[in-house]
Amino acid sequence: MRFIHIADVHLGAQPDAGPLYSDRRQRELWDTFEHVIHVCEEEQTDLLLIAGDLFHRQPLLRELKEADYLFSGLSHTRVVLIAGNHDHIRADSYYRTFQWSPNVYSLFGEAPAYVDFPELHTAVYGSSYHSREIREALYDSLAAGGVEPFEILLAHGGDEKHIPIDGKALSASGFDYVALGHIHKPQAVEKNRIIYAGALEPVDKNDTGPHGYIRGEITEQGVRTQWIPCACREYVHADLEVGGNDTEGSVREKIRILLNDNRNENIYKITLRGKRDSDIGFDTNRLQELGNIIEVVDETSPAYDIRRLYEDNRDNLLGQYIGHFAGCGEGSVEYEALCEGIDALLESRR
């Protein structure tokens, strides 16, 4: 039995985009989702498993119709989905009344239930969120029911507010495969068997690294899985080292080289680090205009000649301030406080 496992698609979200992609990034969530549907059709995948948060919020009726239209084009694949904390089942949710295509199976109850596919020798279990938070460890006591030779659990959670998950309990639950959602970075709790697919597309600038889906196969010999990257672009956090000879112009050139040496379709957060000339400052807003940069953070500190500053200002407030930090080492919190204080006192002189 062959399956594809996705989670945290977050259709309807407005992702952090950067200047180049602000107009189309929201549409790319749908594009990548549609790409996975096409893969299911091309490969004649048996099951598409969606482990929660297909939508970023309560789905609009037109959005459900769009998603179902894509599902309805699958000639072989059955779709099984649960609702996560973002698209949880509210009293007024369209999830409650929407009529899916015949090949789509929703496990939208609060209590665990299953869908049986005898022709695939497979049963898929799951339950859905009916509130934003569920603090009970609901999966710890759940076990495969022995309905079919192959049994799968769709689960969504993994932190204290969203169904805490005990890997050992899941491992002992008897499910052949556990398709996890909620954690956006792909990772395995147990190799080949208990896996977070990760978000299909990153939606937040801190969702760094590649994103995609799980392709898997269950046989009598066990489970084999492969993680497939497919996101349109990544969020990249890059550190840029700054030296005492750098100016804003030279830093701009370093950023251009950094962007040219990497995939230009990615979205960057750049952090400036190191020691800059004490007379130099950086306009981070201007630096963000150099490419698809969502943020530039200046964490440089001025390369002060502390001893000379102290000797030249021994008899004034600046010298007294420096004297209070005698002996603190570079890189320490105290040294950072010293530099910030010197900055402020010198600025007041100007």
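Predicted model: local features only at pLDDT ≥ 70, side-chain atom pairs only at ≥ 80, totals over all residues.
**Exercise 1. Two helices**

At roughly what angle do the axes of helix α1 and helix α2 cross?

- Step 1: two packed helices are described by the angle and the distance between their axes.
- Step 2: the axes of α1 (residues 25-43) and α2 (residues 61-72) come within 10 Å and cross at roughly 25 degrees.

**Exercise 2. Aromatic rings**

How many aromatic pairs does a search of the whole structure find? Take tyrosine 105 with phenylalanine 117, then tyrosine 321 with phenylalanine 325, and class each pair.

*Solution.* 
- Step 1: the search finds 12 aromatic pairs.
- Step 2: the ring centres of tyrosine 105 and phenylalanine 117 are 5.1 Å apart, and their planes stand at 90 degrees. Planes over 60 degrees apart count as edge-to-face, so that is the class of this pair.
- Step 3: Tyrosine 105 belongs to strand β4 (residues 104-106) and phenylalanine 117 to strand β5 (residues 113-117), so the pair ties together parts 12 residues apart in sequence.
- Step 4: compare the surroundings. Tyrosine 105 has a relative accessible area of 29% and is partly exposed, whereas phenylalanine 117, at 2%, is buried.
- Step 5: for tyrosine 321 and phenylalanine 325, the centres are 5.0 Å apart and the planes make 55 degrees, which is a tilted pair. Tyrosine 321 is partly exposed at 23% relative accessibility.
- Step 6: ring pairs also link a cluster made of Trp30, Phe33, Phe55, Phe71, Tyr95, Phe98, Trp100 and Phe108.

**Exercise 3. A charge over a ring**

Over which ring does the charged end of arginine 233 sit?

*Solution.* The ring is that of tyrosine 21, and the charged end lies 3.6 Å from its centre.

**Exercise 4. Positive phi**

Where do histidine 121 and isoleucine 163 lie, and is each buried or partly exposed?

*Solution.* 
- Step 1: histidine 121 is not a glycine, yet its phi is positive, at about 55 degrees. Histidine 121 lies in the loop between β5 and β6 (122-126), and its 45% relative accessibility makes it partly exposed.
- Step 2: isoleucine 163 also has a positive phi, near 45 degrees. Isoleucine 163 lies in the loop between β7 (150-156) and α3 (167-171).
- Step 3: buried means under 20% relative accessible area, so isoleucine 163, at 2%, is buried.

Technical notes. Residues numbered from 1 in each chain as written. Heavy atoms only, no water. Axes fitted to C-alpha atoms, helices over the stretch in contact; angles between N-to-C directions. Helix = DSSP H or I, 4+ residues; strand = E, 2+ residues; numbered from the N terminus. Phe/Tyr/Trp six-rings, centres within 6.5 Å; stacked < 30°, edge-to-face > 60°. Buried < 20%, exposed > 50% of the residue type's maximum accessible area, 1.4 Å probe, protein only. Lys NZ or Arg CZ within 6 Å of the ring centre and 35° of its normal.
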